[in-house]
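Please find below some remarks on the structure shown here, arranged as numbered points.

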Amino acid sequence: MGESVSIRPEVSILSVLRHLNYDWWFALAEFVDNALASFAANRDVLATEGCERLEVFIERTGPDQIKIRDNAAGIRRNDLDRALKAAAVPPDRTGLSEFGMGMKSAACWCGRRWSLHTSALGETSGYSVEMDVQRIVDEARDTVEVEVQDTDARAHFTVITVSDVDAMPMGRTVGKIRDHLRDIYRHFLRDGILQLTVFGDELEYQTPEILHAPCVVPGHETKNSVPWKAEVDLSLPDGRQVTGWVAIRNTGSQSEAGLSLFRRNRVVMGSYDTKYRPQTIFGSRNSYRSQRLFGELHLHGFEATHTKDGIRWGGAETELLEHLKKLLSAKDFPLLRQADEYRARASKEQIKAATDKAIQRQGTSLRRTLPASVDCVSRAPVVAEPSSSSLPKADLLSERTLTFLANEVEWTVTVQTLDDPSYQDLFEVGISKSEGPSSRSVTIRIAMLHPFVVQWADTDVDKLELLIRMVVAFGVAEELAVSSGGSASAMRRRFNELVRSGLELA
């Protein structure tokens with residue numbers, strides 16, 4: 001008779017989970033997945049209690065603490081052991097909770113301690129568990145204490161509190177978490193199934209506007225405008241299917257164009273600025289096509305990675321892309337070539353919204369960085385040249401004024417944008433007469449319909465931020481030169497000539 005060995009996971013696996021290759025949005029998504037799975041499995045009985053929509057709140061409750069709470073059906077006592085045990089596969093794997101790892105791996109990755117408090121609909125007891133991961137591992141404990149509380153049988157919720165968070169998300173990371181989760185759960189947000197509030201902001205998803213235009217592909221030109229959207233329904237030889245659609249964005253975006261791949265109505269690949277852009281379909285990164293194509297593809301019969309941030313293709317990716325390219329290259333609806341050939345000018349409202357957002361973002365950063373830069377640059381000698389003058393009046397698209405103190409001089413820097421196609425220069429700099437040696441005033445005016453802007457930025461906020469930063473630096477440098485008895489106007493003229501004559505198409 002043969003022998004046997006135990007292959008049951010030791011509790012030390014909990015410490016290993018801290019080293020998973022998560023991003024914050026995918027880690028937090030694990031908690032949302034569990035809530036959605038619970039809500040879907042108990043939707044009918046929840047509806048009888050007046051709960052028609054799942055509510056999930058992700059909030060910062062301390063300097064190193066994050067709380068995730070939901071109003072799903074809660075965790076029943078006979079499911080609690082499995083819920084807390086690593087790699088305990090749930091009995092129903094058809095939903096978003098399928099690997100038996102999500103809550104444990106995400107909680108252990110986020111922080112060193114976490115707790116669970118839950119009340120299941122229909123049960124008169126609620127349960128709380130404290131998980132001090134390092135202590136459990138050090139003591140090799142295979143059980144944890146469960147605190148039992150009396151509760152109303154109609155109560156239904158789960159609260160997970162993660163403490164001792166090593167790297168609390170701050171600043172831009174918080175924004176990216178919101179942007180990714182908004183993209184990942186767009187199906188549920190659009191259908192009104194889910195209310196997801198992340199760090200105080202309730203998320204909403206709006207599908208980018210699809211291009212309505214005549215066909216401009218040589219040999220296939222039309223006069224009538226049509227929506228440039230192709231429905232996708234592909235069956236692979238192995239039985240797996242791909243459904244959805246691919247379309248052309250009305251407004252290009254290098255950072256947000258691309259495909260999103262869904263599995264069970266949840267984005268697995270291609271959220272926010274990490275869209276799926278295979279070269280077979282999108283071509284080179286700087287092409288018009290790569291900035292305009294977008295779409296949603298639902299994968300049926302495919303497996304996801306255990307962290308749900310990728311697809312296990314099993315050799316099917318190349319075949320899928322070949323079928324997809326053929327579909328999007330059909331002679332009667334040449335969507336890929338239309339994306340290559342079509343040129344559009346953004347509307348005044350789109351330009352204004354994008355520039356306002358970019359200038360708003362830059363305001364805080366410029367106020368922080370300009371003083372030290374001005375202090376340093378103002379000490380350098382400059383050759384004397386004629387000075388600039390203030391700018392003439394114009395119909396502005398937007399305007400923002402920044403004030404700061406640098407080297408005992410009070411500065412006023414005004415950034416203006418306009419959408420007048422008659423402006424030939426990318427930007428202009430106006431320097432107002434100073435009231436004294438302790439004040440400086442400079443105005444920078446940017447032409448948002450200049451070919452350089454349309455080609456490389458359009459309404460992409462990230463690119464507009466870069467452009468604004470560069471132009472503001474140029475304008476302030478010119479004022480410094482003028483105040484020192486010289487002028488940088490000749491350099492500015494050469495710069496404008498360069499960007500008009502070829503740089504915008506390089």
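1. In this predicted model, the largest nonpolar core holds 60 residues, of which W24, I58, W114, L181, Y185, L194 and L196 touch the most other members. Helix 2 supplies the largest share of this core, namely eleven residues. In soluble globular proteins, nonpolar side chains tend to be buried together.

2. Apart from neighbours within four places in sequence, Y185 contacts A29, V32, D33, L36, L194, L196 and R266.

3. Helix 2 covers residues 24-41. Of its 18 residues, 14 are buried, and the helix is therefore largely enclosed by the rest of the structure.

4. The length of helix 2 may be checked against expectation. At 1.5 Å a residue, its 18 residues should span 26 Å, and the end C-alpha atoms do lie 26 Å apart, so the two values agree.

5. Turning to the strands, four of them form an open sheet with mixed pairing, in the order 18-19-21-20. Strand 18 (398-406) and strand 20 (427-431) are the edge strands, each pairing on one side only. On average, neighbouring strands of this sheet are turned by 15° against each other, direction ignored.

6. How many bridges join strand 20 and strand 21? The two strands pair in the antiparallel sense over five bridges, strand 21 being residues 439-447. V429 has I444, in strand 21, as its bridge partner.

Methods: Residues numbered from 1 in each chain as written. Predicted model: local features only at pLDDT ≥ 70, side-chain atom pairs only at ≥ 80, totals over all residues. Heavy atoms only, no water. Helix = DSSP H or I, 4+ residues; strand = E, 2+ residues; numbered from the N terminus. Expected span 1.5 Å × (residues − 1). Buried < 20%, exposed > 50% of the residue type's maximum accessible area, 1.4 Å probe, protein only. Pairing = 2+ DSSP bridges. Axes fitted to C-alpha atoms, helices over the stretch in contact; angles between N-to-C directions. Core = buried A, V, L, I, M, F, W, Y, C linked by side-chain atoms within 4.5 Å. Contact = heavy atoms within 4.5 Å.
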